[in-house]
Amino acid sequence: MDTPRVVVTGVGMMTPVGVGRDASWLSLLEGKNGIAPITLVEAEDLPSTIAGEVTDFVATDFLNRKDARRMDRFVHLAVAASDEALEQSGLDVHAEAEEIGCMIGSGIGGIGTLEDQFHVFFDKGASRVSPFLVPMFISDMAAGQVSIRTGARGPNVNTVSACASGADAIGTAFEVLRRGDAQAMITGGTDAGVTRMSVAAFAASRALSTGRNDDPEHASRPFDLERDGFILAEGAGTLILETLEHAQERGAPILAEMVGYGASADAFHVTQPSENGEGAARAMRVALEKADINASDVGYINAHGTSTPLNDKFETMSVKTVFGEAAGAIPISSSKSMIGHTLGAGGAIEAGVTIMSILDQRIHGTRNLIVPDPDCDLDYVPEGARDVPIEYAVSNSLGFGGHNSSLIFKRFSE
Amino acid sequence: MPREVVVTGLGMISPVGKNVADGWDSLVAGRSGIGTVTRFDASDYEHPIAGEVDDFDPADYVDAKLRRRIDISTAFAIASAQEAVADAGLEVNAERPGAVGVLLGTGIGGGHLMVEQQRILDEKGPRRVSPFLITSMLPDTATGLVAIALGARGPNFAVTAACATGGAAVGEAAETIARGEAEVMIAGGFEAPLQPIFYAGFNAMKALAVHEDPTQAVRPFDQDRNGFILGEGSGTLILESREHAEARGAEIYARWEGAATSNDAFDMVAAAEDGRGINEAMKRALDRADLTPARIDYINAHGTGTPLNDRVETRAIRDVFGEEADNVMVSSTKSMHGHMMGASGAVEAVICVLACKHGIAPPTINYTTPDPDCDLDYVPNVAREASIEYAMSTSVGLGGHNSALIFGRWGGD
């Protein structure tokens, strides 16, 4: 059996810069900021009081009240993004339920539900803890609920690799299709980590920006010399991946082809990236090998670009390691400069952004790159959106725990 | 062509034993590892029953500094990974660190530090929260730490699928080798659900078994079953390409034959009454292994001991196996080690590998009163010697997740 080609037929996005794919993409092209003071929880005493929230998102626009009550916000966001991607792809899940699977990654699952239930537990006792605590908290429930909602009965898991969770879900779904285990996959990532414990914990690990609480517009500044950490955000991104044959048979819109996935571990440190970005470079190389292309074929990189001092420096080094002298010629931008860091959703939202870039042959810029950093000396598209010819584009994700994951998409042609 | 994948090392920490040898002895002897909860003060519960790993001290496996920074679930994962790596005689080749990957799953992740940190957050403020809280609670910290300890730089992530986690992780890891992306994968599942808040959550679901004698509480397939019992621990398998294992002269336990996951697409808690989810996973795993149901000699069932699960699972086995269903041995080792959530599928995969190797099907204990709805050969109460060419492990989880794994006896061919 020949390995089937895999294409993208739907993209869904719920982000701090837009409720939905098109709204998010337009905002990114316009360089719009999605970071603002936290409203979802009391934040006055938190070390970081700003975040990227999907502000106009209303769960009951997508779910009935009873279902919505029994799902954490990370599932609400995933359900909404999946609805959008499915609608675009026109995939009829019920017609072939066994042939369609679901893999949606989440870095921290229903942490908001857990915090609420901790308070029930402390204040009212164990007997008052909700029977829905466990099913609302466990991080596989986005994949579970999307399956229940859509009827998809094929391969179904959640991948967790911290901030690379969404990318690894998409990569794993890609491999499921290539090995013939399904005809289509609903895949992506989701996280709703704007909670008190999550902000406090990321701040304590010294990864969050805490220096610009009074200037949210300029707080997320990937590759800028004055960056001081990432901005926590929430969101979800989903793709419909499908074998080319299946997509063509049903006359589906083909947005792009997926051609590569590489995953690696730094095996270095729990929270810091490996020296010189060696692990990230290896993930990119594996993905390039799988895509069977040269580094010089890549026309755009959507960077992990978190805005932490170490990540952006080492990621720059990793791109240089892989692309050599050509590195300076490749436009690279960070969606996190506008969206913030959506944790496990990041890789999936950015995969969606990468696909939109290929479709429009236009990329968004890196916002807030004002003061150049000599350690970050590549073309980060600081001026804003740019028209770029893209045949192949890479989306990188790097997570706590030393997880690295690289996805490669290609402009579709027969 | 997908490559052949073999099993060259095992690790198991469970309520029936702190290592593979002790655990297997207990299972073959039909000894229960279920007792009274001691991990936390559970005196408010009428029947505080659980499967705990006795005398587990993380300090036996990690240094003092790391011990303070990780959740006990992560310590379980590291401990069983160490046993499996040693068992396989695996050394990560410095020239090809990317050839070895790690894929460990957990259903819940680390929660022990969270309770304490929630109190600190509430009482002392967010600036007093531990810098290690994030890594202690993320479900993928164990995969990162095992990779760091070994220098394993290949594919690395966690998988979660509720109670089907362990099986899903082992299956995905095997596929990573089959498609040539790694030579060796350290694969498995781990869980430490015996925490006050999660115990309270499961208790509120009214899913936990109740019995005067804890050792008789889990009664899979028995007429008088009334729920499951939470267990803790970890199972790890060293999966390896056959080529790589033979080249380094590794001892081979069994062959990985196939795996699959599926979803009921029905309900977030209850299994579909017609067994339509788990039967899909079993059928797909058989397809992947290119085997007919008649070739399977032993099924290590999910068999939680809840009235619904055991009935649905029996129906699904009948559906997939047809007339052959009466000829296959089906046992639930959860009758002895309890429901280890995300660890279950991995521990039961270890048990299937051992069943193939030793030609012994471990029993379903506490089976005294047959249930007309559960009418298969459950290997009641006493282990059975039998040639086991192929063994299947099935897992079913909250959220409709299902997984099935198949291993084959290693005959050197």
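This is a predicted model: local features need pLDDT of at least 70, side-chain atom pairs count only at pLDDT 80 or more; totals for chains, interfaces and linings use all residues.
Helices here are DSSP runs of H or I with at least four residues, numbered from the N terminus. Just after one of them, α10(A), D292(A) takes a positive phi of about 60°.

**Helix α10 of chain A**
- With 14 residues, α10(A) reaches 20 Å from its first C-alpha to its last, which is close to the 20 Å expected at 1.5 Å a residue.
- This helix is mostly covered, as 12 of its 14 residues are buried.
- Among the buried residues are E278(A), R282(A) and K290(A), along with M284(A), V286(A) and L288(A).
- The cover over the buried residues of α10(A) includes β9, α11 (309–323), β14 (392–399) and β15 (403–410) of chain A.

**I104 in strand β5 of chain A**
- You will find I104(A) in strand β5, residues 100–105 of chain A.
- I104(A) counts as buried because 40 C-beta neighbours lie inside 10 Å, and the cut-off for buried is 20 or more.
- Beyond its neighbours within four places in sequence, I104(A) is in contact with residues including A78(A), V146(A), N158(A), A169(A) and T187(A).
- I104(A) and L239(A) are 135 residues apart along the chain, while their C-alpha atoms are separated by 9.7 Å.

**Helices α7 and α13 of chain A**
- Helix α7 (residues 165–178) packs with helix α13 (residues 346–360) at an angle of about 65°, and their axes are 5 Å apart.
- On the α7(A) side, the contact is made by S165(A), G166(A), A167(A), A169(A) and I170(A).
- On the α13(A) side, G346(A), G347(A), A348(A) and A351(A) make the contact.
- Sorted by class, this contact has five nonpolar, four polar and no charged residues.

**Where chain A meets chain B**
- In total, 67 residues of chain A are in contact with 68 residues of chain B.
- Elements that each supply at least two residues to the chain A side include α4 (111–124), α7, β9 (256–265) and α10 (278–291).
- The most comes from α8(A), which gives eight residues.
- By class, the chain A side has 34 nonpolar, 21 polar and 12 charged residues.
- Across the two chains, β6(A) runs antiparallel to strand β5 (residues 156–160) of chain B, joined by three bridges.
- In that pairing, V160(A) stands opposite A158(B) in β5(B).

How values were computed. Residues are numbered from 1 along each chain as its sequence is written. Chains are lettered from A and ligands numbered from 1 in the order in which they are written. Axes are lines fitted to C-alpha atoms, for helices over the stretch in contact, and angles run from 0 to 180 degrees between N-to-C directions. Two residues are in contact if their C-beta atoms, placed from the backbone, lie within 7 Å. Ala, Val, Leu, Ile, Met, Phe, Trp, Tyr, Cys and Pro count as nonpolar, Asp, Glu, Lys and Arg as charged, and the others, Gly among them, as polar. Two strands pair if DSSP finds at least two bridges between them. The expected span of a helix is 1.5 Å times one less than its number of residues.
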